[in-house]
Amino acid sequence: MKWFISHETIRSPFLKTLEKDCGEKISHCYQCGKCSAGCPISYQMDYLPNQIIRMVQLGMEEQVLSSKTIWLCASCLTCTSRCPRQINVAEIMDYLRRRAYTKHMTPPGEIEVPLFNKIFLRNIELHGRLFELGLIGMFNLLSGKFFKDVALAPRMFLKRKIGLFPHKINNSKEVKEIFKKSGKLGRARRDKLWQPKLLFLNLSRKLIERIERLK
Amino acid sequence: MKYAYYPGCSLHSTAKEYDLSTREVAKALGIELIEIPDWICCGATPAHITMHLLSLALPVKNIIKARAMGSYEIVTCCAACFSRLKTANYFMRTDDEHRQKVEQIVGEPYKGEVKVRHFLDVLVNDFGLKNLKGNLVKELKGLKVACYYGCLLTRPPEITELDDLEDPHLIDDLMRTIGVEPVQWPYKTECCGASFSLTKTDIVLKLSCDILQMAYDEGAQAIVVACPLCQSNLDLRQSTINKKYKKDFNLPIFYFTQLIGLALGIDGKKLGLDKHIVPPAALLGEKDKLAKI
Amino acid sequence: MKIGVFVCHCGTNIAATVDVEKAAKAALNLAKVKFSTTYKYMCSSPGQALIKDAIKEKGLDRIVVCACSPSLHEKTFRECLKESGINPYLLEIANIREHCSWVHRDRETATRKAIEIMKLAVTKVTHNRPLEKTHMPIEKRVLVIGGGISGIQSAIDISFAKFPVVIVEREASIGGRMARFDKTFPTLDCAACILTPKMVTVAQNKYVTLHTYAEIEEVTGHVGDFKVKIRKKARFVDTSKCTGCGACWNKCPAKVASEFDLGLCKRTAIYTPFPQAVPNIPVIDRENCLYLKSKKCGLCQKVCPFGAINYQMQDEIIEEKFGAIIVATGFTQFDHSVYGEYGYGKYRDVITGLHFERMANSSGPTGGKIIRPSDGKVARDVVFIQCVGSRDEQKGVSYCSRLCCMYTAKHALLLKEHNPDSQAYVFYIDIRAAGKNYEEFVKKVQNEYGAVYLRGRVSRIFEKGGKLIVRGADTLSGAQIEIKADLVVLAVGLIAQNDAAKLAQMLHIPYDQNNLFTEAHPKLAPVETITSGVFLTGACQSPKDIPDTVATASAASVKALGLLVQDQLEKEPLVARVDKNLCSGCQACIKACSFNAIETKEVEDRALKRKRTVAEVIEGVCSGCGNCTAVCRMSAIDLEGFSNRQIMEEIEVL
Amino acid sequence: MTGDRSEWEPKIVGFLCNWCSYAGADLAGQSRLEYPPNVKIIRVPCSGRVNPLFVLKCLSSGVDGVLISGCHTGDCHYSEGNFHARRRFTILRKLFEYLGIDPKRFQMAWVSASEADKWAKLVKGLVEEIRQAGPNKLGHR
């Protein structure tokens, strides 16, 4: 990777809005790497958490927002609670994800998490409480993993751990109101949940897997 | 002892046995839990990843509903709900800018004054271990468990204010009180990957496998949890983990309330012990702790 | 009265934000100001010459210098006035740098404020009176607090000039931290080999008195005349009879963890901290002695061939006078038990650097073997973690402890020398090896001793299967690192002694947020404090390695000697004075004075035709705090240099 | 001084002890911390030197706010000057409250020689408070 540093990149509005919006002083980070050392998922990441912070420090917005790392953060807060400079790394990850949404910069391989989040929120918006079957069904349908976890389903029904119908509550209006007023919340609803790209990706992945197995 | 009870979505579906056992234990101990009428989802992880304000507004709405019930503290059992409610409270207390925005969304002033408690905290600190001991019908002798706290109960400490950050002990204390032996193990607060349960199942399998392995290695016969997401990852996905990583785990994953319920002499079925995917009957029966469920 | 105003540019430090020409011009509008000018550097010799010339040519008799803080150059300009034949106290400094040009950005605002500050100074100087310095005798002895390497070096240096020195050390032996070290970086000299001779020298020196097992109880007085109360804790061993034969500690049945060896081995209740102790006279630890606790035992008294054991001994408080005090109290280690992720200090095989020193030391608790304290097995894979407690605002201190990089490198080297089969892994954030041959030393450890350096902090340590699992990161390769280690050595930071603040308050010296003592100036007066006569050396001021500690020890000694060689001590004449005509003799000032500097005196009142009591200030004792002036109902007592009239008029012109 | 609020800038006098607070303000300069120019510093040897009359004089001369700043408890260069000051000015504050003078106009603070940051923050906060309190109407000017 080569990155040209100049007056403009260093003073990019990206860094400033980030510091303002999530209240974290990025320049405080002295790159000790304790966040990466304790991260349970860093083995899967394309950049370690400390590298993401470093890239933010250098104003590399595009690279950061299109990284896999930010979608792999499980929000377990290990980094935040151990940071010697008291930087809320998890909050910064949240912020970056939110920004990636609004900028439509999710990398093609990482569409599942945002899709799931959208379906989840849509689900709450409709029912007030989570309707698991709806969530799982919808997610599987839209992500192209039609039969994911299907084997688990009968047991879940038998044990009455998952209901066939959503809960009925009398306050669906009030929930919708909250969603509407929370600013850009409408976006979750209006955004197309239909993601042909992801569907195609997952289906072809399945196909390739099957072919591999046949070999 | 009266509390406003916020079960949360999981306790009404995948973690029904957590809800059942909590209510049973509370009833047996004379702790009154009054469910918040018309409570709504706290937004969980998807909300704070997607829209910050929403992730504050949803919990605050619930807290305001609880406030309307009278001057109760809120009790919740779900670690994720607990974390979201506490975080929202923290923002309302300390961040004027966010408070004003959220107040506008929920349409009511709120300054973070209602206390949010975890049921663990209520049992240990309000009810008291000594008091609990006095109420026991039997002790669950001979059972060795790993107490697993997960991410959200202790982190970040300034928000959760619940237990020791790196070496929490509330569940261990409760287990010791009912005669169960907690093993010392280092993965008390490791992450199981909860929020990726559906989206990145591979990660969940790997992390959960590590946790099961560590508990097994340190001699635990079961894992005791206080979070519905941890439970479902470790229990529901245990067979998949066995298949994928060629393991042979057979570790029942209990909610702490279930084991306390047993020690209080409550029938296993009432505690939802039949709802487990990894059946606990063998372990409990073999140890001759109670009648077969 | 002719006042001259001199405005300094201070290069661009002032001139960049304050329009100095405008300020100089504005000065001429002020009453009694007859001359004003500006110059690039007023404190330089041409600048001072400018002032001197103006005094001569214009006949100026009072001077205002608008420049930096009076703490920097008030003395310089007073000297300048004196040389031109004006009383040095007819000077005021207007601080337009620290309090103006450096804290404001807008030129107009800063200029306006500078002029106001100047106005205050001009108003004040109008009422200055010519004053003469007073003189006091000096007690020609030095007190050194702390008997570590810095205290020892100071005492030796002072004894060279043949002035008496007293060392007060709270432990049973002098030697301090350095006595615990094995070898020293970067030369690998054995610490004992270079320290022990100095300990002996100091003990045998006829100018040096050692008070070991003693603590400072109270300090009063001031430079040239400090009165110090020293508590000599009861040793229960008569130092005049004991020969240090060791019969007592060989027989003592009470065994407790040794503080000197950080609990790695046991000591007896009657003990000397280490074999080379100076003085080689034991003490009885009253907490653990069976006889002192319950009157059982008494074995040591029975076996002592010299009858030196005395269970009835009491603490003794002695009072001595000193002209100067050198503070050499050193440091203590950061307590890593706050690190939950490193096991809250509960894992026995997670040790500190000092533990490692003791183990590496051939006369230490393991006889020079580097082993796992838990099971005594030889340590093969050893992880070193730097910056534990240092550079950590969340759990420790924000500063860099400065020597951990070096001592960790040394440990990695010693490990390889002791256990050739071993491997050292060092987690670091930055390697700070600024010192003579330091960088070369670290390189040697990496290249010749095969220590693997990993750039990152460790997030978690836990025990599994008899090993310590260390989870860190190497930010250079972008990888998470996991190591199965036998032993983990934490390079814990250096922090102030627990009771540092208490001592600072006794000595009236300032200390910072970390309880480290504050020097008078970070660059130009690094061993002085703002309390004259009190000097700092070693790590009580900031973390220092041995070379730096010894250097500051010698520096502090020179400063103390500079004081002692004077016949008399000059004292600032800025003291309180009583107007006897106004004084009603209420004696409120006497109660307000913390220094007992005010007495009563009978005077003949001519109007009343009888004697009456008035207050009188003892000039030599008055410290000039002015507390008395605030309680005087008659405004009869006033402070030179900060008089009621001066302050009132300053308020008036604002 | 006019009562016109748009032009009015708070005028504040700060009595700073020579050993801690004055040195702290010096350090703020050395650290180039920016703060508003409204506080005019009068150096005194010790906060205990400040006579209550000085405070009264300030308020009667039209100064909008008075600050007395000394060493922290226990750190006084002269042992206990700051204790005396604290006792003295707590009483004066009570008197001000009784007289109906806004107690905000008269404040005490403890700033050590190493607390440059605290000094800068203190000045910022103080100027803001006095600005809200408005011009001092007691002044004869």
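Visitor: Starting with α1(B): is that helix mostly covered or mostly open?
Guide: Mostly covered: 11 of the 14 residues of α1(B) are buried. Keep in mind that this is a predicted model.

Visitor: Which residues of α1(B) are the buried ones?
Guide: They are B:K16, B:E17, B:Y18, B:D19, B:L20, B:S21, B:T22, B:R23, B:E24, B:V25 and B:A26.

Visitor: And what do they pack against?
Guide: Against several elements of chain B: β2 (32–35), α6 (119–135), α10 (228–236), β8 (253–255) and α12 (256–263).

Visitor: How far does α1(B) reach from end to end?
Guide: α1(B) runs over residues 16–29 and reaches 20 Å from its first C-alpha to its last, close to the 20 Å expected at 1.5 Å a residue. Just after α1(B), B:G30 takes a positive phi of about 75 degrees.

Visitor: OK, confidence next. What does chain B average in pLDDT?
Guide: Chain B averages 90, with 97% of the residues scoring at least 70.

Visitor: Where in chain B is the pLDDT below 50?
Guide: Over residues 289–293 of chain B. That stretch still has 14 contacts in the model beyond near neighbours in sequence. Where pLDDT is low, though, the predicted coordinates should not be read in detail.

Visitor: What about chain D, and the scores for the model?
Guide: Chain D has a mean pLDDT of 89, and 94% of its residues reach 70 or more. The model scores ipTM 0.82 and pTM 0.83.

Visitor: Switching to interfaces. How many residues go into the contact of chain B with chain A?
Guide: 42 residues come from chain B and 47 residues from chain A. On the chain B side, α2 (44–50), α3 (52–68), α5 (96–106) and α9 (201–217) each supply at least two residues. By class, that side of chain B has 24 nonpolar, 12 polar and 6 charged residues.

Visitor: And how many residues are in contact for chain C with chain A?
Guide: 18 residues of chain C are in contact with 18 residues of chain A. β24 (458–464) and β25 (467–474) of chain C each supply at least two residues of the chain C side. The chain C side divides into 3 nonpolar, 7 polar and 8 charged residues.

Visitor: Where does chain D sit relative to chains A and B?
Guide: No contact joins chain A and chain D, and their closest C-alpha atoms lie 17 Å apart. No contact joins chain B and chain D either; there the closest C-alpha atoms lie 18 Å apart.

Visitor: Which strands pair with β3(C)?
Guide: β1 (residues 3–8) of chain C pairs with β3(C) in the parallel sense over 5 bridges, and β4 (residues 91–95) of chain C pairs with β3(C) in the parallel sense over 5 bridges. C:C66 is the bridge partner of C:V7, and C:C66 also stands opposite C:A94 in β4(C).

Visitor: And β27(C), which residues are on its two sides?
Guide: C:L487, C:V489 and C:A491 are on one side and C:V488, C:L490 and C:V492 on the other, all of them buried. β27(C) pairs in the parallel sense with β20 (residues 350–352) of chain C over 3 bridges, and with β21 (residues 381–388) of chain C over 5 bridges, again in the parallel sense. For bridge partners, C:I351 has C:V489, while C:V388 has C:V492.

Technical notes:
Residues are numbered from 1 along each chain as its sequence is written. Chains are lettered from A and ligands numbered from 1 in the order in which they are written. This is a predicted model: local features need pLDDT of at least 70, side-chain atom pairs count only at pLDDT 80 or more; totals for chains, interfaces and linings use all residues. A residue is buried if 20 or more other C-beta atoms lie within 10 Å of its own, exposed if 12 or fewer, and partly exposed in between; C-beta atoms are placed from the backbone. Helices (H or I, at least four residues) and strands (E, at least two) are DSSP runs, numbered from the N terminus. Two strands pair if DSSP finds at least two bridges between them. Two residues are in contact if their C-beta atoms, placed from the backbone, lie within 7 Å. Ala, Val, Leu, Ile, Met, Phe, Trp, Tyr, Cys and Pro count as nonpolar, Asp, Glu, Lys and Arg as charged, and the others, Gly among them, as polar. pLDDT is the predictor's confidence in each residue, from 0 to 100. The expected span of a helix is 1.5 Å times one less than its number of residues.
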